[in-house]
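Hi everyone, thanks for coming along. I have one structure to show you today, so let me put it up on the screen.

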Amino acid sequence: MKRPNDPIIEIKNLKTYLGGSWVHKDVNLTVNRGEILGIVGGSGSGKTTLLREMLCLTPVASGSIRIFNEEVVNASRKVLLSVQRRWGVLFQQNALFSSLTLLENVAFPLKEHTELDATSINDLALLKILMAGLSADAAVKYPSELSGGMQKRAGLARAIVLDPELIFLDEPTAGLDPNTAAEFDELILNLQSTMGLTIVMITHDLDSLWRVTNRVAFLGEGKVLCVDPMSKLVKNPNPMIQAFFSGPRGRVAEESYQHGGQDHGN
Ligand SMILES: Nc1ncnc2c1ncn2[C@@H]1O[C@H](COP(=O)(O)OP(=O)(O)O)[C@@H](O)[C@H]1O
Ligand SMILES: [Mg+2]
């Protein structure tokens with residue numbers, strides 16, 4: 001029987017060699033079902049690479065990545081197709097097709113992965129566009145006609161179109177102004193609770209980390225140095241962690257969270 005906090009991802013002793021050096025020396029990480037896990041670390045610490053490995057887009061040197069209880073390292077095409085069907089991704093650059101409308105972009109995974117007829121595909125894609133906080137009017141627009149915040153919402157609509165259990169977000173609020181970023185965080189929290197999602201989110205946005213994550217993994221020196229809720233992580237004495245969170249920005253984010261931000265438990 002599955003318990004609510006069964007691990008949905010288990011990474012063990014992961015090593016990665018890229019561009020002549022070891023990006024990951026020994027990464028160990030567990031993501032529990034239903035949680036929002038943040039991944040932080042300095043630029044070049046291997047966050048995006050780790051994400052790409054979980055998605056089976058970058059090969060690993062050694063180690064194990066189990067997702068939905070399936071080994072995805074060197075998995076067969078059949079296993080990959082079955083797990084890919086169960087997760088959604090919002091890439092850092094949105095990766096929307098510029099020649100397709102918003103509706104066609106969001107409908108794309110349904111065409112690839114289901115046998116549904118065109119009307120059902122359109123209805124489902126439109127539903128997800130609305131769930132992502134975009135209007136039906138926006139559905140006929142092309143990505144270049146959408147603002148940065150709307151493009152992120154479009155990417156998120158596409159990430160949830162197959163009703164995934166798990167979604168991966170790479171820097172979802174990067175480049176957005178603070179208000180748009182806060183609205184996007186609110187959307188992530190809403191979707192997480194309405195769809196029962198597990199979310200893995202790479203971000204260096206401290207406000208986002210305080211607002212949405214249950215736990216945060218800090219990547220450094222080729223390892224996960226620490227996994228804790230933000231309130232505990234910021235007190236970690238490790239100099240790399242201190243350097244990342246200290247300074248004016250870190251303090252402003254922490255204070256605004258404590259004086260008005262929400263706490264959604266563990
Ligand atoms: N395809 C690649 N070929 C060679 N080196 C790569 C490749 N992808 C990433 N790297 C290197 O791996 C390291 C980690 O990159 P990345 O995962 O993008 O870091 P982050 O997302 O934490 O900023 C960097 O030093 C980067 O140059
Ligand atoms: Mg990156």
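This is a predicted model: local features need pLDDT of at least 70, side-chain atom pairs count only at pLDDT 80 or more; totals for chains, interfaces and linings use all residues.

Let's start with ligand 1. Which residues sit around ligand 1? They are Leu 18, Gly 19 and Val 23, then Gly 42, Ser 43, Gly 44, Ser 45, Gly 46, Lys 47, Thr 48 and Thr 49. By type, this shell has two nonpolar residues, eight polar ones and one charged one. Helix α1, covering residues 47-54, gives the most to the shell, with three residues.

Now for some contacts to oxygen atoms of the ligand. A polar side-chain atom of Thr 49 is 2.5 Å from an oxygen atom of ligand 1. For Lys 47, a polar side-chain atom is 2.8 Å from a ligand 1 oxygen. Ser 45 takes part through its backbone, with an N or O atom there lying 3.3 Å from an oxygen atom of ligand 1. And how much of the ligand gets covered? On its own, ligand 1 exposes 570 Å², and the protein buries 54% of that.

Let's move on to the largest pocket, which holds about 520 Å³ of space. It is lined by 16 residues, and those closest to its centre are Val 89, Phe 91, Pro 109, Glu 112 and His 113. Which elements give two or more residues to that lining? The answer is β6 (87-90), α3 (102-113) and α5 (148-159). The largest share comes from α3, with four residues.

As for residue types, the pocket lining has 11 nonpolar residues, three polar and two charged. Finally, the lining draws at least three residues from each of domain 1 (1-86 + 165-266) and domain 2 (94-163).

Terms used
Residues are numbered from 1 along each chain as its sequence is written. Chains are lettered from A and ligands numbered from 1 in the order in which they are written. Side-chain values use heavy atoms; hydrogens and water are left out. A residue is near a molecule or strand if one of its heavy atoms lies within 4 Å of it. A polar contact is a pair of N or O atoms within 3.5 Å; within protein, one must be able to donate a hydrogen and the other to accept it, and residues adjacent in sequence count only if both atoms are side-chain atoms. Accessible areas come from the Shrake-Rupley method with a 1.4 Å probe; for residues, only the protein chains shown count as cover. Ala, Val, Leu, Ile, Met, Phe, Trp, Tyr, Cys and Pro count as nonpolar, Asp, Glu, Lys and Arg as charged, and the others, Gly among them, as polar. On a 1 Å grid over the protein atoms alone, a cavity is a set of points where a 1.4 Å probe fits but cannot get out, and a pocket is an open set with protein on both sides within 12 Å along at least five of seven lines; lining residues have an atom within 4 Å of a point. Grid points are joined across faces, edges and corners, and a volume is the space filled by probe spheres set on the points. Domain bounds come from an automatic or database domain assignment.
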